[in-house]
Amino acid sequence: MATHRKISGFIGALLIVIWASSGCRSDRSNEQAPQQSPDQASTPKKTTHKEIGEASWYGPGFHGQETASGETFDQKKLTAAHPSLPMGTKATVTNLDNGKKVDVTINDRGPAPSEDRAIDLSSGAANKLDMKKDGTAQVKIETKSTKKIRTKSGKAKLAVNP
């Protein structure tokens, strides 16, 4: 019985050592962790969104109305409506027919999934892409990756990585 207790104690201790050391294991034995300043703690970068689809534009009928983000729609600002990108997301929209680009901020929801469009642009953004005459254009939508950082005051803010 004493031998059984010794073996059980040894196995228990061995399991504790294995369990404790498994949390310390690193698959990056030769890599060094990136250095962060003590006043900044970052979360992993968000995945960059890339999408190709049809864009349309909206303006006069919605000017002055409240957007899904709560701000007032201004058709002259460089904003857009997207069905799923988070509010406040910065996106670069490229007209694939002429190569013109515009940076917009997502501040509204739309277009409806049944409309087979990827994004609705403000009148101002559509002007920059030279697509108002046709009403729609094939576009590429790319978001910039962001990460949260902590400032010295401890407050989190978003930082845009080019």
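**Figure 1. The surface and make-up of the chain.** The chain exposes about 11200 Å², and carbon and sulfur atoms supply 53% of that area. Accessible areas come from the Shrake-Rupley method with a 1.4 Å probe; for residues, only the protein chains shown count as cover. This is a predicted model: local features need pLDDT of at least 70, side-chain atom pairs count only at pLDDT 80 or more, and totals for chains, interfaces and linings use all residues. Residues are numbered from 1 along each chain as its sequence is written, and side-chain values use heavy atoms, with hydrogens and water left out. Of the 162 residues, 28% count as buried. Buried means under 20% relative accessible area, exposed over 50%, and partly exposed in between (1.4 Å probe, protein chains only). The secondary structure comes to two helices and eight strands. Helices (H or I, at least four residues) and strands (E, at least two) are DSSP runs, numbered from the N terminus. From that end, the order is α-β-β-β-β-β-α-β-β-β.

Figure 2. Six strands form a closed barrel, in the order 1-5-2-4-3-6, with mixed pairing. Neighbouring strands of this sheet are turned by 45 degrees against each other on average, direction ignored. Here axes are lines fitted to C-alpha atoms, for helices over the stretch in contact, and angles run from 0 to 180 degrees between N-to-C directions. Two strands pair if DSSP finds at least two bridges between them. Strand 2 and strand 4 pair in the parallel sense, over three bridges. In this view, Thr79 stands opposite Thr105 of strand 4.

**Figure 3. Strand 6 and its two partners.** Asn95 stands opposite Val139 of strand 6. In a regular strand the side chains alternate between the two faces of the sheet. The covered face of strand 6 holds Ala137, Val139, Ile141 and Thr143. Its uncovered face holds Thr136, Gln138, Lys140 and Glu142.

**Figure 4. The largest nonpolar core.** A nonpolar core is a set of buried Ala, Val, Leu, Ile, Met, Phe, Trp, Tyr and Cys residues joined through side-chain atoms within 4.5 Å. The largest one has 18 residues. Val93, Val104, Ile119, Leu121, Leu129, Met131 and Val139 touch the most other members. Elements that give two or more residues to this core are strand 3 (90-95), strand 4 (101-108), strand 5 (119-122), helix 2 (123-129) and strand 6 (136-143). In soluble globular proteins, nonpolar side chains tend to be buried together. Look at Val104. Not counting residues up to four places away in sequence, Val104 touches Leu78, Thr79, Ala80, Thr89, Lys90, Ala91, Val93, Leu121 and Ala125. Contact means heavy atoms within 4.5 Å.

**Figure 5. Ala55 in strand 1.** Ala55 lies in strand 1 (residues 50-58). Is Ala55 buried or exposed? Ala55 counts as buried because its relative accessibility is 0%. Neighbours within four places in sequence aside, its contacts include Arg117, Ile119, Leu121, Met131 and Val139. Across the chain, 67% of contacts between residues at least 6 apart in sequence join residues at least 24 apart.

**Figure 6. His82 in a loop.** His82 sits in the loop between strand 2 (79-81) and strand 3. His82 counts as buried because its relative accessibility is 1%. Leaving aside neighbours within four places in sequence, His82 is in contact with His49, Glu51, Ile106, Asp108, Arg109, Gly110, Ala118, Ile119 and Ile141.

Figure 7. Rings of Phe, Tyr and Trp (its six-membered ring) pair if their centres lie within 6.5 Å; planes under 30 degrees apart count as stacked, over 60 as edge-to-face and the rest as tilted. By this rule there are two aromatic pairs. Tyr58 and Phe62 are edge-to-face, at 5.4 Å centre to centre and 80 degrees between the planes. The rings of Tyr58 and Phe73 are stacked, because their centres are 4.7 Å apart and their planes at 10 degrees. Tyr58 lies in strand 1 and Phe73 in the loop between strand 1 and strand 2, so this pair ties together parts that are 15 residues apart in sequence. Both Tyr58 and Phe73 are buried. Phe62 counts as partly exposed, because its relative accessibility is 43%. Ring pairs link Tyr58, Phe62 and Phe73 into a cluster.
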